[in-house]
Amino acid sequence: LHLTHEWPVALVGAGYLGHAIAHYNGFQHRGFRIAWVFDNDPDKIGVEMNGLFVQPIDELEATLQKHQAKIAIVVVPAAVAQEITDRLVKAGIESILSYAPVNLNVPPHVHVSYSDPVVQMQQMTYYVKP
C-alpha cells in the first residue's frame, strides 16, 4: 500500500467540506498530508486553513507539476468536477478521492474513489426499519 511514505495531497475546493477536510487531523497519522488547497473564489484565496493558504485555482497545474503530486481530493460542485479532474490529470495526478456527486471520466492509469455522503446514508437505510 506504500503507507510508509508520506503522501502530499492536493485539496481542490475550500468550501465547507473542503474546510473540514483541511482541518481533519486523521490523515497525518496514516501517511497523508494535505499540502495544497486550491479554490476559484476570490474571497477564499489567501485565507489560512490549518496552516495552509488557499491558492488560486490558476496555480493548480504549475504547483502540482513542480512537486510531482500524485493524489488529490476533489470537493467541488458537480458542474465543474470533470473540468477540475481533467486539469488534475494533466498535472500528473494519478489518484483522486472525489466528493462530487458525479461519475468522472479519467484515463485508465488514474484511479478515482468516490465518497458521496447522501449515497452512503441511502445505503444505511437498507438496514433500518421506517
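1. Helices (H or I, at least four residues) and strands (E, at least two) are DSSP runs, numbered from the N terminus.

2. The model is predicted: local features need pLDDT of at least 70, side-chain atom pairs count only at pLDDT 80 or more, and totals for chains, interfaces and linings use all residues. Residues are numbered from 1 along each chain as its sequence is written, and side-chain values use heavy atoms, with hydrogens and water left out.

3. Helix H2 spans residues 60-67, and Leu60, Glu61, Thr63 and Leu64 are buried in it. Buried means under 20% relative accessible area, exposed over 50%, and partly exposed in between (1.4 Å probe, protein chains only). The buried residues of H2 pack against strands E1 (7-12), E2 (32-39) and E5 (55-56), and against helix H3 (78-90).

4. Strand E7 (residues 95-98) has Ile96 and Ser98 on its covered face, with Ser95 and Leu97 on the uncovered one. E7 pairs with E6 (residues 71-74) in the parallel sense over four bridges; two strands pair if DSSP finds at least two bridges between them. Ser95 of E7 is the bridge partner of Ile71. From E6 the chain crosses through H3 to E7 in a right-handed β-α-β crossover (with the strands pointing away from the viewer, the path from the first strand over the helix to the second runs clockwise).

5. Strand E8 (residues 111-114) also pairs with E7, in the parallel sense and over four bridges. Here Ser113 of E8 is the bridge partner of Leu97.

6. Pro77 lies in the loop between E6 and H3. Pro77 counts as exposed because its relative accessibility is 57%.

Conventions. Contact = heavy atoms within 4.5 Å.
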